[in-house]
Amino acid sequence: MTWISLIVLGLILLLIVRQGTARLSQTPWWLLWLVLMLPAFFIAGWMALYGNTPVPSGWLILVFVTSSFLYLTLLRRGQQALAPATPASSLPTVPEEPARLLNRDEEAQLQSCFPWGIYYLQHIEYRPQAVICRGQMRGDANKVYQTVERNIAQRFGDRFLVMFQMGISNKPFFALVPRDRLPQPQQLWRPGLSLGLLALTFLTTTLAGLALVAPDVSAAELRQNPELLWQGLPYSIGLLLILGIHELGHFTAALYYRVKATLPYFIPLPFAMGTLGAFIQMRSPIPHRRALFDISVAGPVAGFLVTLPLLIWGLHQSEIVQLPANANEPSLNPQVFNPRISILFALIAKAVFGRALTNDSVLQLHPLAIAGVLGLVVTALNLMPVGQLDGGHMVHAMYGHRAGAIIGQVSRLLVLILSFIQPWLFVWALILFFLPAFDEPALNDVSELDNWRDGFGLMALVLLLLIIFPVPAPLAAFLWA
């Protein structure tokens, strides 16, 4: 199973790096992939040489740090090659062209688009992929962007995509990207593909649910008695509802802000939990940081609101069993699930079972409860404040593009350290180190969020901590007194 997990992880990373970094750096994506796969290669080599002997934690941390350092170095060198004289390294890449994007008359018209009382334009720089307008902002960032964007649209029509970004010296600048140089839009909705993947994932999750209930059922028995598949439906329907509502939360918020988004795509997996999750793709720029926050947080919130009642329902159908003598550590085994593995789960389980759940008891989870536990895991993984995950978009919207990337780097290390206390987090720590640290900025990436959204974002991060942290001793003593 470890070998299969490493192969699947490598394929997922391949897709992430190829899609996520190609637009951010000129470093070959295959080289970045090889660098990020160093920990996986190290683990595979160790297993080949020493079998099931655990990898020394010191060596593992060293490989992780080396891989992360090499990745960031190569990525930033590629960004410098992409835009050697401008901090707008996330602008769309196009072939170099020596001709100016504006003639003298058009440049004069452009200067009139910047009222001195709103944004005092000091100089214009020409890049192969954009026109960079630098100056001093004099007023509210949101009003500045709306005014300048409206003026440019009145004089140049739909010719430019107007981006408002924060420079290295914390001075906002405008970047005008010709729309005819942007990547051509792809087909937005593919209902046939979306429904086909949903049907296939429904089959694989139903088989996974059957394996939880009746692990000894053979393929021959299943062919003779296909009605056995009914036993896998509680797990399958519960998990697909959680994943589907999560993605529909993103989709609905994107529609509200008129951001083009694909339909949800489910990823079937013919073993383990039966799926690798679901995703949607944004096919148009995010207008501002407020929209970035709302679209990002809508998925985890929607998924969690579905997870909570399904988990409670599943726990009511689960059984309390005695803690085995050799199972003192928290375990993800659904047959002997230790509620102390998560603060939030422990609180929910104690509310459901009351005094019946004692210090020396664990749970035999019903398949629907297993789907609920996986819903908590999916919520926590998406709330991780790293790169292109929902949590990464959230901290970007809350604190800015550069600060969000720094928070992401620190979070990777903290999760890796926490995985020595919570072993089930190790795979996620591995994935987090593979994810790109930066996400794409919004068109108006300068305007800040309101206090309400900042507070809600902090609450979402608290929810993440409640899910991934084990029950501390003082709380355990209170709950199981």
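How many Å² does the accessible surface of the chain come to, and what share of it belongs to carbon and sulfur atoms? The surface comes to about 23500 Å², and 64% of it belongs to carbon and sulfur atoms. Accessible areas come from the Shrake-Rupley method with a 1.4 Å probe, and for residues only the protein chains shown count as cover.

This is a predicted model, in which local features need pLDDT of at least 70, side-chain atom pairs count only at pLDDT 80 or more, and totals for chains, interfaces and linings use all residues. Residues are numbered from 1 along each chain as its sequence is written, and side-chain values use heavy atoms, with hydrogens and water left out.

**View 1. The whole chain and its confidence.**
The chain holds 17 helices and 8 strands. Helices (H or I, at least four residues) and strands (E, at least two) are DSSP runs, numbered from the N terminus. Buried residues make up 51% of the 481 residues. Buried means under 20% relative accessible area, exposed means over 50%, and partly exposed lies in between (1.4 Å probe, protein chains only). Among contacts between residues at least 6 apart in sequence, 71% join residues at least 24 apart. A contact means heavy atoms within 4.5 Å.

The mean pLDDT of the chain is 84, and 86% of the residues reach 70 or more. The pLDDT is the predictor's confidence in each residue, from 0 to 100. Over residues 81-98 the pLDDT is below 50, and this stretch has 41 contacts in the model beyond near neighbours in sequence. Among the elements, helix α1 (residues 2-20) has the lowest mean pLDDT, 59. Helix α10 (residues 289-316) has the highest, 96.

**View 2. The largest nonpolar core.**
This core has 80 residues. A nonpolar core is a set of buried Ala, Val, Leu, Ile, Met, Phe, Trp, Tyr and Cys residues joined through side-chain atoms within 4.5 Å. Leu 315, Phe 345, Leu 363, Leu 365, Met 384 and Ile 468 have the most contacts inside the core. Helix α12 (residues 367-383) gives the most to this core, with 11 residues. Leu 315 touches Phe 345, Ile 348, Ala 349, Val 352, Phe 353, Leu 363, Leu 365 and Ala 369, not counting residues up to four places away in sequence. Another core, of 32 residues, lies apart from the largest one. Among its residues are Leu 110, Ile 118, Cys 133 and Phe 160. In soluble globular proteins, nonpolar side chains tend to be buried together.

Helix α14 (residues 401-418) has 18 residues. From first C-alpha to last, α14 reaches 26 Å, close to the 26 Å expected at 1.5 Å a residue. The expected span is 1.5 Å times one less than the number of residues. The buried residues of α14 are Gly 404, Ala 405, Gly 408, Ser 411, Arg 412, Val 415, Leu 416 and Leu 418. They cover an arc of only 155 degrees around the axis, so they sit on the same side of α14. The arc is that of the directions from the helix axis to the C-beta atoms. The face turned away from the buried side carries the exposed residues Ile 406 and Leu 414.

Arg 258 lies in the loop between α9 (233-256) and β5 (265-268). Its phi is near 60 degrees, a positive value in a residue other than glycine. Most residues other than glycine have a negative phi. At 78% relative accessibility, Arg 258 counts as exposed.

**View 3. Gly 277 in strand β6.**
Gly 277 lies in strand β6 (residues 275-279). At 10% relative accessibility, Gly 277 counts as buried. Gly 277 touches Leu 243, Tyr 265, Phe 266 and Ile 267, leaving out residues up to four places away in sequence. The C-alpha atoms of Gly 277 and Thr 201 are separated by 9.2 Å, though these residues are 76 apart along the chain.

**View 4. Trp 480, after helix α17.**
Trp 480 lies in the segment after α17 (473-479). At 11% relative accessibility, Trp 480 counts as buried. Among its contacts, leaving aside neighbours within four places in sequence, are Pro 339, Arg 340, Leu 357 and Val 471. Trp 480 and Leu 357 are 123 residues apart in sequence and 7.8 Å apart in space, C-alpha to C-alpha.
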